[in-house]
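Colleague: I would like to learn how to read the features of a model like this one. Please put it up and we can go through it.

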Number of protein chains: 2
Amino acid sequence: MTFRFFLFSVVFINSLYGQKQPVEYVNPFIGTSNFGTTNPGPIAVRGMANVSPFNVAGEQNLPLEKDSRWLSTPYVHENTFLTGFSHVNLSGVGCPELGVILAMPTTGEMETDHLKYGSTYSSEVSEVGYYSNHLDKYDIKMEATATTRVGVSNYTFPKGDSNVLLNLGLGLTNEQGASVKVVSPTEIEGMRSVGSFCYYKPEEAYPVYFVARFSRPAQEFGTWKKPTKYNGVESQWMGYNGKPRLMRGYTKEVIGDSIGAYMRYSFEKPTQLELKIGISYVSIANARENLEKETADRNFDQILKSAKDEWNRYLSKIEVEGGKEEDKIKFYTALYHTLIHPNTLNDVNGDYPKMRTRETLKTDGSRYTVFSLWDTYRNLHQLMSLVYPRQQSNMVKSMLQIYDESGWLPKWELNATETTTMVGDPAGIIIADTYLKGIRDFDIEKAYEAMLKSADQKENNPLRPGIKDYLDKGYLTTKTTNSGSVSTTQEYNITDFAIAQLAKALGNKEDQKRFAKRAISYRNLFDSDINLLRPKNDDGTWLTPYNPESGANFEKNLGFIEGNAWQYTFMVPHDIKGLMKMMGGPKVFANRLQDVFDKNQFDMANEPDIAYPYLFNYVKGQEHRTQQKVSELLETYFKNSPDGLPGNDDTGTMSAWAVFSMMGLYPVTPAEPIYALTKPVFDTITVHLDNKYYKNEKLKIIRSDSMGDNVEIKSIKVDGKPHKGYFISHNDLTNASTLYFEMISY
Amino acid sequence: MTFRFFLFSVVFINSLYGQKQPVEYVNPFIGTSNFGTTNPGPIAVRGMANVSPFNVAGEQNLPLEKDSRWLSTPYVHENTFLTGFSHVNLSGVGCPELGVILAMPTTGEMETDHLKYGSTYSSEVSEVGYYSNHLDKYDIKMEATATTRVGVSNYTFPKGDSNVLLNLGLGLTNEQGASVKVVSPTEIEGMRSVGSFCYYKPEEAYPVYFVARFSRPAQEFGTWKKPTKYNGVESQWMGYNGKPRLMRGYTKEVIGDSIGAYMRYSFEKPTQLELKIGISYVSIANARENLEKETADRNFDQILKSAKDEWNRYLSKIEVEGGKEEDKIKFYTALYHTLIHPNTLNDVNGDYPKMRTRETLKTDGSRYTVFSLWDTYRNLHQLMSLVYPRQQSNMVKSMLQIYDESGWLPKWELNATETTTMVGDPAGIIIADTYLKGIRDFDIEKAYEAMLKSADQKENNPLRPGIKDYLDKGYLTTKTTNSGSVSTTQEYNITDFAIAQLAKALGNKEDQKRFAKRAISYRNLFDSDINLLRPKNDDGTWLTPYNPESGANFEKNLGFIEGNAWQYTFMVPHDIKGLMKMMGGPKVFANRLQDVFDKNQFDMANEPDIAYPYLFNYVKGQEHRTQQKVSELLETYFKNSPDGLPGNDDTGTMSAWAVFSMMGLYPVTPAEPIYALTKPVFDTITVHLDNKYYKNEKLKIIRSDSMGDNVEIKSIKVDGKPHKGYFISHNDLTNASTLYFEMISY
């Protein structure tokens with residue numbers, strides 16, 4: 001890995017006053033190991049296309065090989081055997097999907113088997129909007145950049161015979177099927193079937209279309225197909241049984257599970273060739289239009305400059321000064337990761353596929369997709385609301401489009417399919433949180449109606465399975481579900497709290513009361529004998545025997561999904577005071593919370609307990625523990641290295657945690673517009689607020705000095721006035737010009 | 001089987017003077033057993049589309065099941081288990097191909113596995129342009145007809161839930177892959193990959209497109225897909241592994257090897273539903289245009305009437321009177337079979353796919369396809385030249401288009417691919433024969449150039465493998481090829497004779513001489529010790545040991561393809577006198593020829609010896625043997641029953657043999673415009689000649705009486721004048737008004 005701070009080849013960033021720009025601090029290799037499942041390939045802000053090196057196929061890559069285990073990323077940093085560059089990818093997800101439309105430059109004879117044409121690589125460089133390596137086997141320099149819907153590659157071939165393969169069989173997805181057609185010696189079009197996210201709902205598989213355009217006409221082109229092998233008597237007549245076939249000069253569609261197309265050149269001297277691949281989830285025509293509108297008449301360097309400029313504009317919404325260089329890298333890389341998903345689904349012309357049936361609809365704004373809401377309701381959307389409120393507004397609108405189209409708000413929406421992954425009913429939390437923060441340019445009545453629908457519909461409710469027990473008993477039982485009866489009750493509680501909060505804002509007192517009551521029903525599952533949550537059986541008795549530690553490390557257990565009682569008990573952000581009371585008061589609460597860390601039950605790599613470190617702020621005098629714990633976690637789990645994320649980035653949720661934490665803020669209670677405060681890691685943090693939504697254009701977060709790591713907050717001032725406590729409301733924050741932390745050594 | 005002579009439901013044939021019309025004599029069940037490989041489904045004259053019942057899948061159909069043996073037909077008369085109706089099919093071929101785009105009406109719950117939804121059937125009816133049966137399992141009446149490019153079905157459903165399945169996985173072809181998309185509740189479009197004819201050249205697989213339109217909007221629609229089964233660790237996460245998936249309401253393409261689409265209805269009373277499926281080898285848009293141009297605003301009955309009318313126009317070009325009713329059925333069914341292939345490849349708008357690369361080209365006339373020339377050069381094209389010269393002219397033009405596009409004349413062309421099936425270089429024979437018969441409205445210079453190319457090019461000559469030895473030694477050796485060194489020498493000789501004949505007509509004496517000499521090089525392989533042809537080794541010695549009978553029944557042998565020395569020795573139609581001389585004179589020749597029959601070496605089911613019965617005409621005083629043998633063969637091998645063809649119809653070649661033979665004529669020497677004469681089976685045969693090419697509009701072939709079977713020709717008169725010998729030139733025949741056979745009993 002080479003992480004270039006300074007760009008020699010293309011100088012494009014206007015480094016005013018010699019200061020480094022935000023994009024220069026991003027290291028896209030962060031998260032590419034330790035199952036972070038990010039990739040180092042270029043992508044535009046919320047881009048549909050992304051050119052990722054693909055190095056997870058082939059036994060050379062064992063043990064991190066895609067078919068030998070559950071692996072959900074096209075790229076793993078420690079792997080060495082590259083078989084192409086995939087053009088649609090997911091970042092920070094837990095299930096294999098996409099990772100398709102692979103382009104691969106080779107030299108010499110045509111070889112269509114990726115296990116044979118794959119290569120090791122060296123001189124790897126990754127920057128915002130830029131990736132490059134050197135393919136050892138072929139002496140080819142590969143460079144890539146991207147616009148929103150187009151992946152752009154620049155290959156530098158040596159003299160001689162060269163090929164560009166477009167492999168539509170290979171992919172990270174487990175879905176099969178593609179079609180491809182050579183349109184001309186400079187263009188290939190086609191589609192790839194994807195779907196079955198988390199090895200689930202294959203009946204909702206769907207196509208992704210592409211148009212690939214080459215800067216030079218090929219001397220030869222063609223397609224290939226490796227058919228399914230026949231067994232039985234007929235196989236003896238098939239000399240070609242199961243073998244790949246090359247179809248030279250063929251200009252009609254080829255269809256199949258293992259197919260591809262190629263362009264072949266004979267270069268008299270080392271030659272550069274640009275490849276642009278436009279993507280669309282609607283049609284080939286739209287993929288072509290996307291390609292033309294976004295990249296027409298612009299070469300690689302021009303597109304790269306635009307990509308960097310766009311990223312810089314976005315990343316510069318938060319400017320940081322002082323602090324460690326390493327922290328700046330961690331910070332801007334994390335911010336970068338929060339701007340990847342949700343990503344754009346609609347084409348340049350506004351077309352996007354309708355949920356499930358995939359009819360074509362049109363949107364004025366952005367139809368976003370990849371809503372991994374069980375993760376992102378906790379902090380990512382809160383970050384968007386604060387720094388990129390227009391995007392957040394569009395995300396809510398996208399959720400409402402999904403409701404219009406499918407009858408339900410999203411849970412884990414992916415490219416116009418509802419994957420129904422994970423649990424809970426999180427969309428409403430985000431909508432309420434957004435609305436309560438003053439971002440209101442969406443149809444709140446429809447949103448409220450949608451929230452009530454999943455909150456109240458007892459039968460055939462895809463968002464709240466087990467809702468009957470939830471409404472009748474106040475909780476799900478070990479009979480209701482085996483995917484976390486307690487944790488799902490907590491999730492529903494949090495959503496009900498959000499509805500209550502929104503009902504209050506909308507003046508609906510009845511609903512407010514009803515849902516506020518529902519929101520604390522988790523209390524039925526609090527076992528005061530052990531001061532932890534505990535599953536109940538259908539008859540109301542406690543699950544016995546019961547080991548509260550069971551469930552750590554994603555171990556399957558009856559009470560909690562992806563966690564155990566320790567990791568979930570404090571996940572009642574809307575009722576910390578109620579929990580505290582049940583536990584026996586603030587002191588017991590703080591000790592019990594400390595136990596989570598001391599007993600090594602805290603899991604930084606997953607969402608349920610992600611806000612725990614901030615809960616010390618609720619206990620007067622214990623706020624320093626928040627500051628120490630957050631600092632410690634930022635140091636331990638967030639690093640400027642491929643394993644620099646605690647685990648799966650969860651479409652930016654882990655990164656959003658880091659961004660907030662490094663700014664000294666954390667949105668501790670979804671749907672309650674407050675932030676817990678902790679010490680920022682930079683001397684000055686300037687947040688450029690969008691005055692479409694916020695009064696002040698600029699919020700400065702300042703800490704008094706840079707005395708080192710062993711400091712804690714002595715006092716807090718807002719616009720020069722002393723601030724009481726370690727929370728600040730969203731309103732106070734966005735109306736303020738400065739949030740000042742006076743630090744002292746401890 | 002019910003073969004309806006009288007049509008009660010739809011009266012459309014204008015039976016003037018109460019006489020039955022030709023279409024009423026056609027029994028499309030003839031050839032559907034005994035490996036005739038015809039099918040009883042409706043097809044237009046030289047139609048692209050054909051709705052064949054498909055009953056060759058599933059163990060219920062063993063032993064004639066498509067995957068358990070080499071089976072080259074979608075329908076076998078003795079089979080009972082029907083799994084749909086395929087919309088593109090080949091008739092009378094020896095390799096499995098096409099048999100795809102299967103529609104199947106069912107009732108009740110949706111079932112997508114053809115082995116489960118298949119049904120037995122009853123009340124089967126087949127007529128020209130019409131097929132019907134009753135699906136026992138579902139109580140559905142199925143009827144079908146066709147235009148040139150559209151298959152039209154009419155289903156009568158009982159009350160209740162009904163489905164129409166479009167299965168794109170199932171097929172007779174061994175090629176895989178399809179795409180399908182529901183466009184609206186009345187329309188489905190897609191494509192199916194086909195190719196690999198004779199389990200060969202899979203790299204030239206190609207798409208066939210379709211648009212299916214339903215007369216009633218479906219209440220529900222969708223697609224299905226059965227994905228390839230995963231093995232390995234991932235399969236444990238796939239609850240759906242290898243199982244079919246139903247995608248209800250899905251409106252985007254689905255791609256895969258085993259896919260389909262369906263329309264679902266709920267009928268309140270028995271209801272008719274029409275399904276029209278337009279076909280194109282160019283594009284979905286063209287399939288739609290074909291459908292609209294050929295069937296728009298016309299219902300099933302109207303289309304059926306047009307189909308019958310068109311067939312009647314064509315079949316009426318030869319009118320027969322007198323003779324047996326059974327013979328009329330045999331005759332018109334045979335004539336019907338000669339009008340199926342070559343069939344139309346181009347769309348209504350003239351578009352057709354270019355050879356191999358499948359770029360789209362345009363034609364003014366008809367681009368015909370399915371040129372099984374090793375078969376058809378012997379008689380089928382001669383029949384076309386005589387009765388349908390415009391079609392024959394278009395066939396030659398199509399061959400020249402193929403030359404333009406691929407650089408070579410066709411050998412066994414199928415839907416714009418050259419399958420390179422069988423041996424020899426037969427296209428030139430047909431071109432010369434056509435030209436010498438006065439059909440000259442094509443580019444003879446280009447044709448001649450094309451013929452010389454394959455005749456002379458020593459390297460990389462796909463039409464004449466082994467040409468080097470052929471030119472150097474005069475023959476192919478057992479080293480040159482293991483697919484018939486003698487027989488291929490004979491094939492090249494016949495083509496060289498054709499070139500010599502054409503050179504003569506074009507005034508090119510040098511070529512005439514050169515090729516006339518080449519044309520008799522087979523003589524080197526005549527072993528006068530055994531009075532039979534015999535393979536030679538590379539060193540010029542005879543293949544030893546040698547059993548001239550080896551090779552019968554398609555047994556593989558070094559000298560002859562699909563035959564043995566007996567079946568090939570007389571296959572020198574252009575040099576019968578030379579052969580006679582080598583054998584020791586006419587008497588020895590006649591006895592040796594008689595030996596073929598007496599020793600049971602004659603094979604009526606394959607082409608090499610198909611003209612043998614006519615060779616007695618070359619020996620003065622032995623002509624009665626021709627008459628007797630031809631009569632006997634017509635009686636023995638051609639019947640009004642499913643097994644009523646001697647074997648594979650070879651795209652109409654066997655049927656053309658019957659048509660000519662029953663007319664009392666046979667084009668015994670390809671590229672020499674003469675006919676051998678034998679006794680006709682009807683009292684009067686009126687051939688309506690096309691006066692674009694021929695002087696007389698009407699040729700009457702008359703025999704003196706109907707004294708029964710045991711008659712022979714006493715004398716022959718042409719326009720009242722005595723005719724010498726048992727041959728007549730094409731010129732004399734087409735200038736004559738009557739050809740009169742005076743018969744006597746023997």
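Colleague: Which residue forms a salt bridge with A:Glu325?

Modeller: First, the ground rules. This is a predicted model, in which local features need pLDDT of at least 70, side-chain atom pairs count only at pLDDT 80 or more, and totals for chains, interfaces and linings use all residues. Residues are numbered from 1 along each chain as its sequence is written, chains are lettered from A and ligands numbered from 1 in the order in which they are written, and side-chain values use heavy atoms, with hydrogens and water left out. A salt bridge here is a side-chain nitrogen of Lys or Arg within 4 Å of a carboxyl oxygen of Asp or Glu. The partner of A:Glu325 is A:Lys20, with the closest N and O atoms 3.3 Å apart. A:Glu325 lies in helix H4 (residues 325-338) of chain A and A:Lys20 in the segment before strand S1 (52-53), so the pair ties together parts that are 305 residues apart in sequence. Helices (H or I, at least four residues) and strands (E, at least two) are DSSP runs, numbered from the N terminus.

Colleague: How many salt bridges are there over all chains, and how many between chain B and chain A?

Modeller: The count over all chains is 92. Between chain B and chain A it is 4. One of the salt bridges joins the side chains of B:Lys225 and A:Glu175, at 3.0 Å from N to O.

Colleague: How many residues does each chain bring to the contact?

Modeller: Contact means heavy atoms within 4.5 Å. Chain B gives 50 residues and chain A gives 50. On the side of chain B, these are 22 nonpolar, 13 polar and 15 charged residues. In that sorting Ala, Val, Leu, Ile, Met, Phe, Trp, Tyr, Cys and Pro are nonpolar, Asp, Glu, Lys and Arg are charged, and the others, Gly among them, are polar.

Colleague: How much area do the two chains bury between them?

Modeller: Buried area is the accessible area (1.4 Å probe) that two parts lose on being put together, summed over both. Chain B and chain A bury about 4,200 Å², 50% of it on carbon and sulfur atoms. In chain B, the residues that lose the most area to chain A are B:Trp237, B:Lys252 and B:Ile255, together 15% of what that side buries.

Colleague: Which cysteine is joined to A:Cys95 by a disulfide?

Modeller: A disulfide is a covalent bond between the sulfur atoms of two cysteines. The rule applied is a pair of cysteine sulfur atoms within 2.5 Å, and the count over all chains comes to 2. A:Cys95 is joined to A:Cys198, with S to S at 1.8 Å. The torsion about their S-S bond is about 85°, so the disulfide is right-handed.

Colleague: Where does A:Tyr199 lie?

Modeller: A:Tyr199 is in the loop between S10 and S11 of chain A. Its phi is near 55°, a positive value in a residue other than glycine.
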